[in-house]
Amino acid sequence: VPSSECAQRRSALQSRLIREKFDALIVTAPANVRYLTGFTGSNGMLLILPGEAMLFTDPRYRIQAGQEVSCRVRVAAGPLLQQALMILRKRKSRRVAFERSRMSYEAYQSLKEGLPLKSSAEPVPGWIEQQRMVKSDAEISLIRNSVLTNSRAFDQAIGGLRAGMRERDLAADLDYRMRQLGADGAAFETIVATGPHTALPHARPGDAKLRPNSLLLVDMGASCQGYASDMTRTLFLGRPDPKWKRAYAAVLEAQLAGIAAVKPGVTAGAVDRAARAVLRKHGLERAFVHSTGHGLGLEIHEPPRLGKKDRTELEPGMTVTIEPGVYLADSGGIRIEDTVVVTRNGCDVLTPTPKEIRVL
Ligand code: ZN
Ligand code: ZN
């Protein structure tokens with residue numbers, strides 16, 4: 001992402017600061033710091049003032065910050081918040097905003113204690129997360145690249161499935177291939193589940209061996225230049241049970257209905273309802289225990305949430321997953337997930353991996 005884009009993002013945030021009559025905003029969430037500055041280090045704090053921005057980091061990141069960041073950088077040992085407080089006291093900042101869902105209680109106490117008496121530390125909701133919902137063209141092409149890298153790793157690993165492989169062997173193979181194909185790593189812990197383990201939406205890959213005549217569920221995502229992808233495929237090893245074949249067809253129908261519902265002006269909740277209605281028709285609504293999808297970008301889970309109650313209106317440039325599933329305890333589960341981008345008249349499915357029923 002070009003550094004001019006980071007500067008634009010900062011100035012949009014500064015306008016909001018001025019509009020809402022704040023004197024400063026402290027940004028602590030690493031993904032938000034990265035979004036606003038380009039800094040990828042693990043220890044950074046950004047101070048946004050109406051006319052300027054300052055990134056604080058420690059000496060380990062001196063060189064890196066110089067290369068990555070276009071705003072002012074201050075390098076100092078010790079707690080970054082104390083550095084920011086020195087500036088805030090010098091500027092006599094009165095209303096100091098902080099990210100309410102991102103700052104620890106301990107940091108909040110230090111902030112409150114370090115500010116002069118007439119100043120206040122005020123929690124603000126996800127301003128930056130809200131700004132991040134709509135992706136720029138540069139971000140969409142990074143997400144597209146992440147999606148393609150992820151699908152390539154999946155194709156390679158599935159092509160190399162061997163008898164006797166354990167869930168953990170396949171998960172390790174997927175992770176290895178993602179990195180080899182250019183990813184920074186997995187965007188989240190890769191899920192590989194077989195047989196009855198597929199009934200756990202967030203199963204951990206274990207020692208279970210891939211067996212003939214059972215289900216295999218893989219949920220994986222790459223992180224490429226910071227941007228996440230997310231895909232789930234459920235495959236049949238050997239002869240599929242007719243019950244699961246029917247469930248697969250229902251989940252696929254629900255997933256396609258979810259995709260068909262995505263367009264600008266539609267609420268996130270309406271997409272969820274579209275997918276859920278299909279599973280209800282098939283008598284599987286109660287087996288669908290999570291929401292239909294989520295936004296993704298610099299983080300794997302970002303707003304909006306494609307759940308019943310989310311009233312966010314979709315806009316062109318939002319990237320979301322569509323991932324209905326059904327889960328039956330002790331028996332198994334099926335989920336199908338793609339990453340899509342909202343366009344001016346609908347959406348583009350970025351994930352190229354086929355999703356017709358697949359028997360290996
Ligand atoms: Zn997923
Ligand atoms: Zn997901």
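Biologist: How many aromatic pairs does the structure hold?

Modeller: This is a predicted model, and the structure holds 5 aromatic pairs. One of them is formed by Phe39 and Tyr61.

Biologist: Why is the pair of Phe39 and Tyr61 called edge-to-face?

Modeller: The ring centres of Phe39 and Tyr61 are 5.5 Å apart, and rings pair if their centres lie within 6.5 Å, so the two count as a pair. Their planes stand at 90°, and because planes over 60 degrees apart count as edge-to-face, that is the label the pair receives.

Biologist: What makes this a link between distant parts of the chain?

Modeller: Phe39 belongs to the loop between α2 (30-37) and β2 (44-49), whereas Tyr61 belongs to the loop between β3 (52-57) and α3 (62-68), and the two residues are 22 residues apart.

Biologist: How do you know whether Phe39 and Tyr61 are buried or exposed?

Modeller: Buried means under 20% relative accessible area. Phe39 has 2% and Tyr61 has 13%, so both residues count as buried.

Biologist: Why is Cys224 in no disulfide?

Modeller: A disulfide requires a pair of cysteine sulfur atoms within 2.5 Å, and the count by this rule comes to 0 disulfides. For Cys224 the nearest cysteine sulfur, that of Cys6, is 18 Å away, so Cys224 is in no disulfide. Cys224 is also buried, with a relative accessible area of 3%.

Biologist: How many cavities of 30 Å³ or more does a search of the whole structure find?

Modeller: The search finds 2 cavities of that kind.

Biologist: Which residues line the second largest cavity, and how do they divide by class?

Modeller: Its lining consists of Thr28, Pro30, Val33, Arg34, Phe39, Gly41, Ser42 and Gly44. The most is given by α2, with 3 residues.

How values were computed. Residues numbered from 1 in each chain as written. Chains lettered and ligands numbered in written order. Predicted model: local features only at pLDDT ≥ 70, side-chain atom pairs only at ≥ 80, totals over all residues. Heavy atoms only, no water. Phe/Tyr/Trp six-rings, centres within 6.5 Å; stacked < 30°, edge-to-face > 60°. Helix = DSSP H or I, 4+ residues; strand = E, 2+ residues; numbered from the N terminus. Buried < 20%, exposed > 50% of the residue type's maximum accessible area, 1.4 Å probe, protein only. 1 Å grid on protein atoms, 1.4 Å probe; cavity = no way out; pocket = protein on both sides within 12 Å on 5 of 7 lines; lining within 4 Å. Points joined across faces, edges and corners; volume = space filled by probe spheres on them.
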